[in-house]
Amino acid sequence: MADQVIAVRDLHVTFGRKTPVRAVNGVDLTLARGETLALVGESGSGKSTTARAVLHLIRPAGGEVELLGQTLGTMRPRELRQMRRHAQMVFQDPYGSLDPSMTVQRIVEEPLKVHGGLNAAGRRERAMEVLELCGVARAHVHRFPGEFSGGQRQRIAIARAIATNPALVVADEAVSALDVSIRNQVLNLFQSLQEQLGLAYLFITHDLGVVEQIAHRVAIMYLGRIVESGPTAEVFADPRHPYTRALLDARPDVRQARRTDWRPLPGDPPDPTFLPTGCAFAQRCALATEVCIQVLPEPVLHGDAHTSSCHHDGRGTAPDGSDR
């Protein structure tokens, strides 16, 4: 596809040698220009590790990542550094991700220095341009990060990320540390920049409200695997995996509407050091049968672009269509 920015195939990330932890286990993703894909799951599901592996900040143990048609895994360090101008990251903590000893202008100029192509005057003008685009006035560019609020700091971090004119921005829980009103303003900024610049976003979050507001597509992760993916509206309206359904049912608005019906998921995810043979969600799933414990479910397509990996389609029916 001419407008495809990133393509991830069978991505694996493993930590440790003696007792390896399979943090990411066979992830496939694609993302086009002007599109937002939200990667959702509980803490420890592998979302942030996937994001870092996509950018090759963590070296994958297996699989392939293509950025703008170029395979990152075959590149030398210098080539990889040059490609990173096309893929930038916004981190969760707006207080810890900015150097407190540098002015805002220098912070935004830094990636332009690293990637070259502009002289000092050009870097300065580009920094001013993207800061204004992100709602930071020129009069404030000589201040230090400590003089700004959390929301303003995240705007500075976003300006730094788009300074090199990337095709892809990875946002790792980029609004989770912000108050609700400020969070909405920053989300609106992300959407405005996407419309103006055609950016593709990989948005890492555990907040389904954020997903509903900003994402065109959503991928649900559980223990290093994507268990369901598709257009956000379609997945939210008709979840096909029991884990997706559990996440949606746990939303505060849904819980309040149901009052006494909602129950939290029992148990905890399995130890990623010793992954089960079958479905990793089986031991917490009310639909689980013997086939779930023994056989890893393959992705099943529902309609044009909605997939889920569940032997029972998440609806309490067996693979042959009969009721459980």
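Predicted model: local features only at pLDDT ≥ 70, side-chain atom pairs only at ≥ 80, totals over all residues.
## The eight-stranded sheet

Eight strands form an open sheet with mixed pairing. Their order is E6-E7-E8-E3-E9-E10-E12-E11. Strand E6 (87-90) and strand E11 (300-302) stand at the edges. Each has a single partner strand, so one side of each is left without a neighbour in the sheet. Neighbouring strands are turned by 20 degrees against each other on average, direction ignored.

| Strand pair | Sense | Bridges |
|---|---|---|
| E6 and E7 | parallel | four |
| E7 and E8 | parallel | five |
| E11 and E12 | antiparallel | three |
| E1 and E4 | antiparallel | five |
| E4 and E5 | antiparallel | two |

Met 89 has Val 170 of E7 as its bridge partner. Ala 171 stands opposite Phe 203 in E8.

How many residues of E7 are buried? Five of its five residues are, and the strand is mostly covered. In a regular strand the side chains alternate between the two faces of the sheet. E7 shows two sets of side chains. Leu 168, Val 170 and Asp 172 point one way, while Val 169 and Ala 171 point the other way. Both sets are buried.

H5 lies across E6 and E7. Its direction runs at about 170 degrees to E6.

## H5 and its helix partners

Two packed helices are described by the angle between their axes and the distance between the axes. H5 has contacts with both H6 and H4.

Helix H5 (residues 150-162) packs with helix H6 (residues 180-197) at an angle of about 20 degrees. Their axes are 10 Å apart. Angles under 35 degrees count as roughly parallel, and H5 and H6 are therefore roughly parallel to each other. The crossing is right-handed. H5 contributes Gly 151, Gln 154, Arg 155, Ile 158 and Ile 162 to the contact. H6 contributes Ile 182, Gln 185, Val 186, Leu 189, Phe 190, Leu 193 and Leu 197. These residues divide into eight nonpolar, three polar and one charged.

Helix H4 (residues 120-133) meets H5 at another angle. The axes come within 9 Å and cross at roughly 130 degrees. H4 and H5 are therefore oblique to each other. This crossing is right-handed. On the H4 side the contact uses Arg 126, Val 130, Leu 131 and Leu 133. On the H5 side it uses Ile 156, Ala 159 and Ile 162. By class, there are six nonpolar residues, no polar ones and one charged. Ile 162 is listed in the contact with H6 and in the contact with H4.

## E1, E4 and E5

Strand E1 (residues 4-15) runs antiparallel to strand E4 (residues 62-67). Here Arg 9 has Glu 64 of E4 as its bridge partner. E4 also pairs with strand E5 (residues 70-71). Glu 66 stands opposite Thr 71 in E5. E4 and E5 form a hairpin with two residues between the strands. In this hairpin Leu 68 takes a positive phi near 55 degrees.

Phe 236 lies in helix H8 (residues 232-237). Is this residue buried or exposed? Its relative accessible area is 13%. Buried means under 20%, so Phe 236 is buried. Leaving out residues up to four places away in sequence, Phe 236 touches Leu 208, Val 211, Glu 212, Leu 248 and Arg 251. Phe 236 and Leu 248 are 12 residues apart in sequence. In space they are 7.3 Å apart, C-alpha to C-alpha.

Leu 248 belongs to H9, where it is one of the buried residues. Six of the eight residues of helix H9 (residues 242-249) are buried, so the helix is largely enclosed by the rest of the structure.

Note on methods
Residues numbered from 1 in each chain as written. Heavy atoms only, no water. Buried < 20%, exposed > 50% of the residue type's maximum accessible area, 1.4 Å probe, protein only. Contact = heavy atoms within 4.5 Å. Axes fitted to C-alpha atoms, helices over the stretch in contact; angles between N-to-C directions. Parallel < 35°, antiparallel > 145°, perpendicular 65-115°, else oblique. Left-handed = near helix turned anticlockwise from the far one by under 90°. Nonpolar A, V, L, I, M, F, W, Y, C, P; charged D, E, K, R; others polar. Pairing = 2+ DSSP bridges.
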